[in-house]
Amino acid sequence: MPASKTLVHAVNAEPEGYRYTTEQVLSSLPGGVSVSNKVFIVTGSHSGLGEETARALSAHGAHVIVATRSETSGHAAIDRIKKGNPQAKLQWMHLDLSDLDSVQEFVKEFHKTSLPLHVLICNAGIMAHPYAKTKQGFESQFGTNHIGHFLLIKLLMDDLIKSGPGSRVIVVSSRGHRWAGVRYDDPGFEDGKAYDPWKAYGQSKTANILCARTFNEKFGDKGVEFFSLHPGVCSTNLASGMSEDVKKEMLSMMPPGSESMFTNDPPKWMKTIEQCAATQVWGATSPELNGKGGAYLDDCHIGKPLTEEAEDVTGENGRRLYDMSMKAVSNYL
Ligand SMILES: NC(=O)c1ccc[n+]([C@@H]2O[C@H](COP(=O)([O-])OP(=O)(O)OC[C@H]3O[C@@H](n4cnc5c(N)ncnc54)[C@H](OP(=O)(O)O)[C@@H]3O)[C@@H](O)[C@H]2O)c1
């Protein structure tokens with residue numbers, strides 16, 4: 001990225017100039033910086049931003065673990081990527097973030113490979129689903145988007161430290177974090193009674209930002225840096241679990257003329273998938289970010305969270321969430 005583009009910018013603007021693609025990010029890495037033979041785990045990498053992230057990194061020589069809950073979909077994504085690049089080093093491994101037993105099993109299986117781990121990209125997510133619980137009883141968006149990834153990060157921490165300095169963890173959040181903070185005393189929405197699908201998504205995405213910031217506070221001096229980010233808005237499978245009413249509600253939050261946003265011909269204001277995935281690829285690879293761990297990224301820039309709670313100037317919110325999350329996963333550590 002040109003240095004002039006690394007300024008904090010108006011976070012609600014998505015000017016054309018900020019529409020970098022994954023390829024632009026990776027081909028503009030300075031000489032001597034390469035992803036070749038580095039190992040990346042990308043969660044939810046059989047579709048959308050995760051698949052594009054796996055494709056782009058493997059096109060530049062990275063070894064990518066495609067971590068998905070469906071074996072068929074994981075292998076189908078690998079086949080699609082290999083069609084364009086038969087040399088791509090991609091390996092499927094089972095991971096269901098809504099089940100902490102599965103997260104633990106994934107890490108055991110990863111350790112059996114004896115591979116090092118340089119970068120973990122916590123990309124998987126669900127948005128505005130109807131009320132449901134994960135296997136261990138967490139509200140499904142909080143449980144999948146935050147708690148599952150929290151445990152994954154904890155269990156892979158020693159691997160990341162071993163590969164450092166320079167290891168990174170990327171936690172994909174969203175500007176949707178502005179819809180709600182963390183309900184520290186009741187993240188399950190009174191066991192469903194007070195449930196609102198957008199607030200639950202907002203809660204989980206605020207948690208993603210606080211999670212990266214607090215892990216960085218606790219482990220940043222051990223050679224691992226943590227970043228959260230908003231990727232931009234693009235058409236993926238993310239709306240697939242929403243009810244029709246919730247889709248309508250989403251449309252009402254979008255600029256006029258956005259009716260085609262759930263189709264293969266989305267409105268022009270939306271980014272392409274390659275542009276949306278660029279920020280997580282930038283966060284995972286750019287030396288411009290060395291020493292800036294804890295930052296929230298937006299459109300391949302260092303941005304600023306949209307709420308005071310997520311900005312968390314004192315770090316108190318993040319520490320509170322960290323302690324609460326540690327309790328939630330304590331049986332799996
Ligand atoms: N697209 C956007 O405009 C946008 C905007 C802001 C933020 N984001 C964030 O970007 C990330 C990627 O989303 P996307 O847009 O690329 O949507 P997507 O195509 O639906 O990708 C989400 C991925 O997460 C996986 N996933 C869901 N639940 C899982 C679980 N329990 N265990 C393992 N994997 C699971 C999905 O797999 P299954 O098919 O098995 O469910 C899917 O591969 C999400 O964190 C989302 O919040 C996207």
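A residue is near a molecule if one of its heavy atoms lies within 4 Å of it. This is a predicted model, in which local features need pLDDT of at least 70 and side-chain atom pairs count only at pLDDT 80 or more, while totals for chains, interfaces and linings use all residues. Residues are numbered from 1 along each chain as its sequence is written, and side-chain values use heavy atoms, with hydrogens and water left out.

Select the ligand. It is surrounded by 28 residues, and the closest are His 46, Arg 69, Asn 123, Tyr 201 and Thr 236. The shell comprises eleven nonpolar, 14 polar (Gly among them by convention) and three charged residues.

Next, display the polar contacts (pairs of N or O atoms within 3.5 Å). An N or O atom in the side chain of His 46 is 2.8 Å from an oxygen atom of the ligand. A backbone N or O atom of Cys 234 lies 2.9 Å from a ligand oxygen, and the side chain of Thr 236 places an N or O atom 2.6 Å from an oxygen atom of the ligand. The protein buries 91% of the 880 Å² that the ligand exposes when taken alone (Shrake-Rupley method, 1.4 Å probe).

Now colour helix H2 (48-59) and helix H6 (197-219), the elements that give two or more residues to the shell. Helices here are DSSP runs of H or I, at least four residues, numbered from the N terminus.

Finally, move to Asn 145 in helix H5 (residues 140-163). Asn 145 counts as buried because its relative accessibility is 1%, buried meaning under 20% relative accessible area (1.4 Å probe, protein chains only). Its side chain reaches the backbone oxygen of Ile 126 at 3.0 Å.

Conventions:
A polar contact is a pair of N or O atoms within 3.5 Å; within protein, one must be able to donate a hydrogen and the other to accept it, and residues adjacent in sequence count only if both atoms are side-chain atoms. Buried means under 20% relative accessible area, exposed over 50%, partly exposed in between (1.4 Å probe, protein chains only).
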